[in-house]
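Please read it with the model open.

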Amino acid sequence: MKISPTLAFFAVVSTLAYIGLAVWGLGGFAAYFSHGALVVVALATLVMAVASLFTEVNLSSGEREDRANRWVIWAFGVIGVLSGFLPAYTDRIDFWTFGGEGVRWLGALLFILGGALRLWPVFVLGKRFSGLVAIQPGHTLVTDGIYRNLRNPSYLGLMVIAIGWALAFRSGVGLVLAALTLIPLIARINAEEALLRAQFGWEYEVYCGRSWRLIPGVY
C-alpha cells in the first residue's frame, strides 16, 4: 500500500504535538518520562500513528456527504488540544487528581485497548472510513465481525482512549473532557446513521434493531 506523504506528515506532526502538550503540561521531559505508565502511553500513541498510515482512511466527501456535520471536526480538535495539555497540567499542580501509579497503569491499559478498538474497524472498512460523514463509491454495509453487535466500535474505542488518557494523569478534569467528547460524538453518530438509513433503507433498520449504538448492552 502506498503511504500518502501528506497523511504521514500530518500523523507525525499531530502525534508529536499531542505528546508535546502533555510533556509541557507535566513540566518537561524529566517529569513526564519519570512515570513508566506515561512512557507506555507515549509509545502507544506513536504505534497508533504509524499503524494509521497503513489504513485507507481519507477525507473524501464521496458520492454524498452531510456537510452540516463538519463542525464536529473542529469540536474534536478543540477538546483534543485541551485534553492534550490540561490533564497533565492538573497532574503537575495536583488539582482534582486521584489515586497513584496504579491508576496511571490502568489508564495506560485502557489507552492501549481503546487504540486497538479504534483502529480495528478502520482496517475493516478501508476506503469507506472517512473523516467526513459521507457515502463512498461502492459503499456497502458491514454487519459482521466487529460490527455484528456494535454499530460504532471505533467511536467506543475513541471514548476508551479518552478515559485511559485521563486516568494516566489521574485527572478529574481529563474525565470531564472525555465526557464532553460525547457531545460531538453523538452528533456525529446521529448524522452517520441518518445517512446510512437513507442509503440502505430497510437493511439498515434491521441491523439497528439487532445491534447497539455505542456501548453493548447499554446504548
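1. Ground rules. This is a predicted model, in which local features need pLDDT of at least 70, side-chain atom pairs count only at pLDDT 80 or more, and totals for chains, interfaces and linings use all residues. Residues are numbered from 1 along each chain as its sequence is written, and side-chain values use heavy atoms, with hydrogens and water left out.

2. The largest pocket. It holds about 1800 Å³ of space. A pocket here is an open set of points on a 1 Å grid over the protein atoms alone, with protein on both sides within 12 Å along at least five of seven lines. Points are joined across faces, edges and corners, and a volume is the space filled by probe spheres set on them. The lining has 43 residues; Phe10, Ser14, Phe76, Arg118 and Leu158 lie nearest the centre. Lining residues have an atom within 4 Å of a point.

3. Who lines the pocket. Two or more residues each come from α1 (5-26), α3 (36-52), α4 (71-93), α5 (101-125), α6 (153-168) and α7 (172-180). Helices (H or I, at least four residues) and strands (E, at least two) are DSSP runs, numbered from the N terminus. α1 gives the largest share, ten residues. By class, the pocket lining has 26 nonpolar, 15 polar and two charged residues. Nonpolar means Ala, Val, Leu, Ile, Met, Phe, Trp, Tyr, Cys and Pro; charged means Asp, Glu, Lys and Arg; the others, Gly among them, are polar.

4. The cavity. The structure holds one cavity of 30 Å³ or more. In a cavity, a 1.4 Å probe fits but cannot get out. The largest cavity has about 420 Å³ of space. Its lining counts 25 residues, with Leu125, His139, Tyr147, Glu192 and Leu196 nearest the centre. α8 gives the most to this lining, five residues. By class, the cavity lining has 15 nonpolar, five polar and five charged residues.

5. α6 against α8. Helix α8 covers residues 182-200, and α6 packs with α8 at about 175°, axes 11 Å apart. Axes are lines fitted to C-alpha atoms, for helices over the stretch in contact, and angles run from 0 to 180 degrees between N-to-C directions. That makes the two helices, α6 and α8, roughly antiparallel (over 145 degrees). Tyr155, Leu158 and Met159 in α6 meet Leu182, Leu185, Arg188, Ile189 and Glu192 in α8. Contact means heavy atoms within 4.5 Å.

6. α3 against α5. Their angle is about 5°, with axes 9 Å apart. α3 and α5 are therefore roughly parallel (under 35 degrees). Among the residues that meet are Val40, Val41 and Ala44 in α3, and Trp105, Phe111 and Ile112 in α5. By class, this contact of α3 with α5 has 13 nonpolar, four polar and one charged residues.

7. Aromatic pairs. There are nine in the structure. Rings of Phe, Tyr and Trp (its six-membered ring) pair if their centres lie within 6.5 Å; planes under 30 degrees apart count as stacked, over 60 as edge-to-face and the rest as tilted. The Tyr32 and Phe169 rings have centres 6.3 Å apart and planes at 55°, so the pair is tilted. Tyr32 sits in helix α2 (residues 29-32) and Phe169 in the loop between α6 and α7, 137 residues apart.

Note on methods: Parallel < 35°, antiparallel > 145°, perpendicular 65-115°, else oblique.
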